Amino acid sequence: MHGLINRSIQCFLRDTYGNASWSAISGAAGLGFDNFEPLLIYDTGLTEQVIAAAAGYLQRPRETVLEDLGTYLVSHPNLEALRRLLRFGGVSFLDFLHSMEDLPEHGRLGLPDLEVPDFTLTDQGEGRFLLHVSQLIDGVGHVTVGLLRAMADDYGALVVLEHGGVEAGREVVSVHLLDHAYAEGRRFELAMPGG
Amino acid sequence: MHIGLTAGGKINSIGPTLAKLIEGPSPIGVAFLKVFAVRRPAGITSMEDLRARAGVRLHVDLRGKGDTFRGLAVPTADGGLLLNLSFGIRLIDAVRQHSLTDADFAATDMAVEMLYLVEVKQAVMTELRRLNLRLQGAKATAEEQALTDTLTGLRNRRALDVALPALIGQGLAFGLMHIDLDYFKQVNDTMGHAAGDLVLREVAKALVEETRTSDIVARVGGDEFVVLLPGLSDPARLQQIARRIIDRLMQPIDFDGRACRISASIGLTISTLYDPPDGERMLNDADAALYASKRAGRGQAQFHATKGDDLLSA
């Protein structure tokens, strides 16, 4: 698994629950080191060990931890760069939803060896969509729910999101877009601020 | 971004993004070359010049603003020209300066993808820079550890092997002191290794305190130390420092309420005795002087004997 993904999980746990919690979780996961390096590649099993150790240490369901991770990826100030890259996906939440299918290509533009789940969007009409997500990790759909919820806030859209289980090895997320301009949303300028 | 020109060179249509950049009153009906200047190819001052350059890559400036474009002019059926312009490499500045959005670019334009790529590149570069800083820090730490004796914090044998030739290379006279602890083995044997380790740490502390910060103190063996004293070649002064060190080390060291008693024997030599100075020989001579001290009853310092000369009287 790419270090960037592992590092994101580490930063989520550290920024949300503190250094001591991260130390305890990395210890329980048996990492044998303190920090993932974002540009190195790690054994896939390690990611699973960290997620399981986090759920155990925090005494929270795995799904909740993963959903919070998804929200963190978009909403934490430390990851503003990632939020901006996702916002390039479109000028509205609907545009963004469609751009999820391009995420693997967009990811590989920057890091050719980055694994990004495959997303397939099905439009069911009347603002209802199904998003099928390939299982990069078990529970990837919960990360997606958290991420979409934060992105909807970012765009100011009102959505109802639900994890719909697993179908043929892909996790299903149902998206019901009730209002694409429900709230103000956060600003997005094409040019990087202060660059 | 397009501009349509009449056969007479006046603007008769302009794309919304270009109109936004011009900012002032509508340029429709104004001569193109009054609003824009063609920088390359040089010498385009009339509609005829421009027409003659149809199909050639143009570099166009917006007069009175910093904006530059590259583009192409193609003839139209009515004798006019249609210009297609783009920002080229100045895209990012233009987007920032004019607060352009997705909607300001044609659906076919790759401008937004280019902006995306620039940010991706920036994000990856930032991570690479951080990684390099961490690696640099780790390397510095590793080097520091590799030259340091972990028990005492003094330099180790490797550090001495680097420092001694470096000192000789500087051409500065220096004194060399080889110190071996007396009765250390007894402390280790009767009071245990923990006491031995404590003694070694106390000895290290004493050596650092009894020498100057510019001196180099190294632990080169179990209970052997070497001190290099740059700029010190006076035998009497060196003998005095050696004596002070021995006196200090003869003070009992407390270990859990029990007194560890040691002493030290020292062999001394000075770089000016050698022409040219040779690190290996100096260490051997100091070692020989050290064993002369041991044989003479321990707890003392002797100089390397140079062919019958008495250094102290010289």
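In chain B, helix H10 is followed by Gly297(B), which has a positive phi near 120°. The model described here is predicted. H10(B) itself spans residues 279–295, a total of 17 residues. From its first C-alpha to its last, H10(B) reaches 24 Å, close to the 24 Å expected at 1.5 Å a residue.

Six positions of this helix are buried, namely Met282(B), Asp285(B), Ala286(B), Ala289(B), Leu290(B) and Ser293(B). These residues lie on the same side of H10(B), because the arc that they cover around the axis is only 145°. In general, an α-helix has 3.6 residues a turn, so residues three or four places apart point the same way.

Two cis peptide bonds were examined in chain B. The bond from Asp275(B) to Pro276(B) is cis, with omega near 0°, and Pro276(B) is placed in the loop between S12 and H10 of chain B. Arg40(B) and Pro41(B) are likewise joined by a cis peptide bond, with omega about -10°. Pro41(B) belongs to the loop that runs between strand S3 (36–40) and helix H3 (47–52) of chain B.

Backbone angles of non-glycine residues were also considered. Most residues other than glycine have a negative phi, and most peptide bonds are trans. Glu23(B), although not a glycine, has a positive phi of about 65°. Its place is in the loop between helix H1 (16–22) and helix H2 (32–35) of chain B. Glu23(B) counts as exposed because it has 10 C-beta neighbours inside 10 Å. In chain A, Gln59(A) has a positive phi of about 55° and is not a glycine either. Gln59(A) is found between helix H3 (44–58) and helix H4 (62–75) of chain A, in the loop. With 6 C-beta neighbours inside 10 Å, Gln59(A) also counts as exposed.

Chain A contains eight helices and four strands. Read from the N terminus, its elements follow the order α-α-α-α-α-α-α-β-β-α-β-β. Of its 195 residues, 33% count as buried. Among contacts in chain A with a separation of 6 or more, 61% are between residues 24 or more positions apart.

The four strands form an open sheet in the order S1-S2-S4-S3 (chain A), with antiparallel pairing. Strand S1 (119–125) and strand S3 (158–167) of chain A are the edge strands, each of which pairs on one side only. On average, neighbouring strands of this sheet are turned by 20° against each other, direction ignored. S3(A) and strand S4 (residues 170–179) of chain A run antiparallel and are joined by eight bridges. Within S4(A), Val175(A) is the bridge partner of Leu161(A). Helix H8 (residues 140–155) of chain A lies across strand S2 (128–134), S3 and S4 of chain A and runs at about 170° to S3(A).

Between the chains, 15 residues of chain A are in contact with 18 residues of chain B. On the side of chain A that touches chain B, helix H5 (80–87) and helix H7 (103–110) of chain A each supply at least two residues. H5(A) gives the most to this side, with three residues. By class, this side of chain A has eleven nonpolar, one polar and three charged residues.

Terms used:
Residues numbered from 1 in each chain as written. Chains lettered and ligands numbered in written order. Predicted model: local features only at pLDDT ≥ 70, side-chain atom pairs only at ≥ 80, totals over all residues. Contact = placed C-beta atoms within 7 Å. Nonpolar A, V, L, I, M, F, W, Y, C, P; charged D, E, K, R; others polar. Pairing = 2+ DSSP bridges. Axes fitted to C-alpha atoms, helices over the stretch in contact; angles between N-to-C directions. Buried ≥ 20, exposed ≤ 12 C-beta atoms within 10 Å, placed from the backbone. Expected span 1.5 Å × (residues − 1). Arc of directions from axis to C-beta.
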